[in-house]
Structures are given as C-alpha cells and as structure tokens.
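Subject: Structure handover

Hello,

Here is the structure I said I would pass on. My notes follow it, starting with the strands and ending with the charged pairs.

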Amino acid sequence: MNLNGRLVLRIVMLLSLVTLMGCGQEYKDAGEKMTRYLNEKYGEEFVIENVGGGYGTGIFSTDTIKAEAYPKHSPRHRFRAEITKDFNKVWDNYMNMIMADKFDEKMMKVSQEVFEQKDIWVKSYLNSGGLSFPTRDLNNKNMSIEDYFKAEELYGIAIDVFIKSEPDIDKEREAEKVDQLVAKIVELQEFKNGAIDVYYLKPSSFERVSTDFFTVKVPIDYYRQKEVSYAHTFAEISDAKKEYTVKEILSHFDRGSKNS
C-alpha cells in the first residue's frame, strides 16, 4: 500500500472511531431519556437495554434510536421502545404487554370451556401493526381489555395455547375444538389478523410451561419438540375471518414437529 493509500485508511479509521464515540454518548443519553420517560409515564421503574440495537434497522438508517426495556419488578415483560434522534418523542408498546396479560386470563377461561379441561395455559401477543406502537397517551394500566380495544386499533394477535395432554389424542375432535376457539376469537371483532397455535404438552412440560416459556430461546421451536409435546396444530385469522377449515387444521397436526 502506498503512502496515499495508508493515509486514506488512517483517516477512515479515525473518522469511524470518532463516529462510534459520538454514538456511544448519544446512545447513553437516549437510554437515560427513555428511562425517565417510561418511569414518569407508568409510575414504575424500568431498565433499558440494547440501545441502538435490538429489533429492526439501526440508528444510521432511521431517524430514531431503538431499545429494549422491561420493568424492574418483571424482567419477563420485555418490550420495544424508540426515541427520535432529537429526543423529543418516545414510543413504547408496554401497554400491549399489560393488556396481553389481561387478555390471557380471558382466553384461558374461553379455552378451558372449548377444550373441556382446566389444565391450560395461554400466552398472547398484541400487535399494533408492523413496528407501530400504541397511542402515546395510553398509560392507564388498570383499564379493562375491552376499553383498551376501543381506544387502540390493533392489527392482529398471536395466541399460544398449551394443554396438558396424554399420548392418545383424538386429533379429529381436537381440530374441531381449535376451530371453535378461532370462531370465538373472531366473534370478538377486535382483530383483523391472528395466529393461533395449540400445543398438546407432556405432563412434565406443562407443569413448567409458565416459567420455561420465558427462559427458552425460541418458544415456538422448543414446544414443537417431540420430547416436550405430543402434538401441535395451528389456525389463522385473515381479514377478520377464519382462514382454515377443520380438515385443514387437522392436516396441520405435527407439521413442523422437531426432534431435539
């Protein structure tokens, strides 16, 4: 490499270092701003992580800085936060997490009725649409799920239903029950789109699901393992209508099952 080439390389390296140092301070300031904002908005303490990283694209290709956050008292409630580079606006989807917990309780009761058993655990995810966020002024954690649905137009939902099961599953009958569950979700008239996964867990796996779910790396892969569940099927909602027939739901059983 000639003298000019080495000089150019050193200049590029120096500029890169200066840029990274500047970003480091910007990320720190952004994290502190988001923390204060969330603390004041919800009246509890939060932890901010992965500032400038996490989901989506990075700081150099957007006008915002992204981060991940969770309340100090509940690390499992991880959610997205985002701030404009001028630090004037902050968005977050913590309310979706709070309302998902409330919706889980509702769906737990519905699922127990449909599947005719008590040993069921549900985890859902509310989606405001792509990388969108709930309305910024929504911060009443005590509001009902019904009032939240009226105030916030949601794009869709993903629901995981875990059932304590035995090896001899009547898949035809279960496909009918999954179809009934989807029909009840459609009747709510709250979601244009949805994905419903039903896992028939081995008893030992079911006893730990409410804790293991938040510690395994990829839950949807983990709970499809044959060592963990006896069977799995799924259904979908598209344009506020059932996407699959009972026969199709039956055909989904064990599709994508994995060996550990």
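Two strands pair if DSSP finds at least two bridges between them. Helices (H or I, at least four residues) and strands (E, at least two) are DSSP runs, numbered from the N terminus. This is a predicted model, in which local features need pLDDT of at least 70 and side-chain atom pairs count only at pLDDT 80 or more, while totals for chains, interfaces and linings use all residues. Residues are numbered from 1 along each chain as its sequence is written, and side-chain values use heavy atoms, with hydrogens and water left out.

The five-strand sheet

With those terms, β5-β6-β7-β8-β9 is the order of an open sheet of five strands, and its pairing is mixed. Its edge strands, β5 (120–127) and β9 (241–242), each pair on one side only. Two bridges join strand β8 (residues 229–238) to β9 in the antiparallel sense. S238 has K241 in β9 as its bridge partner.

Helices across the sheet

Contact here means heavy atoms within 4.5 Å. Axes are lines fitted to C-alpha atoms, for helices over the stretch in contact, and angles run from 0 to 180 degrees between N-to-C directions. Helix α2 lies across β5, β6 (156–164) and β7 (193–201), and runs at about 140° to β5. Helix α5 (residues 203–212) lies across β5, β6, β7 and β8, at about 135° to β6.

After α2 comes E116, which has a positive phi, near 60°.

Strands β1 to β3

Strand β1 (residues 46–49) pairs with β2 in the antiparallel sense over four bridges. β2 also runs antiparallel to strand β3 (residues 79–84), with six bridges between them. E68 in β2 stands opposite E49, and its bridge partner in β3 is R80. Seven of the eight residues of β2 (residues 64–71) are buried, where buried means under 20% relative accessible area, exposed over 50%, and partly exposed in between (1.4 Å probe, protein chains only).

Salt bridges

A salt bridge is a side-chain nitrogen of Lys or Arg within 4 Å of a carboxyl oxygen of Asp or Glu. How many salt bridges does a search of the whole structure find? The search finds 16. Three of these pairs are described below.

- E68 and R78 form a salt bridge, with their closest N and O atoms 3.3 Å apart. E68 lies in strand β2 and R78 in the loop between β2 and β3, so the pair ties together parts that are 10 residues apart in sequence. R78 is partly exposed at 36% relative accessible area. E49, E68 and R78 are linked in a network of salt bridges.

- E116 and K177 form a salt bridge, with the closest N and O atoms 3.4 Å apart. E116 is in the loop between α2 and β5 and K177 is in helix α4 (residues 171–187), so this pair ties together parts 61 residues apart in sequence. E116 is exposed at 58% relative accessibility, whereas K177 is buried at 7%.

- K164 and E207 meet in a salt bridge through their side chains, at 3.2 Å from N to O. This pair links distant parts of the chain, with K164 in strand β6 and E207 in helix α5, 43 residues apart. K164 is partly exposed at 28% relative accessibility, and E207 is exposed at 53%.

Regards
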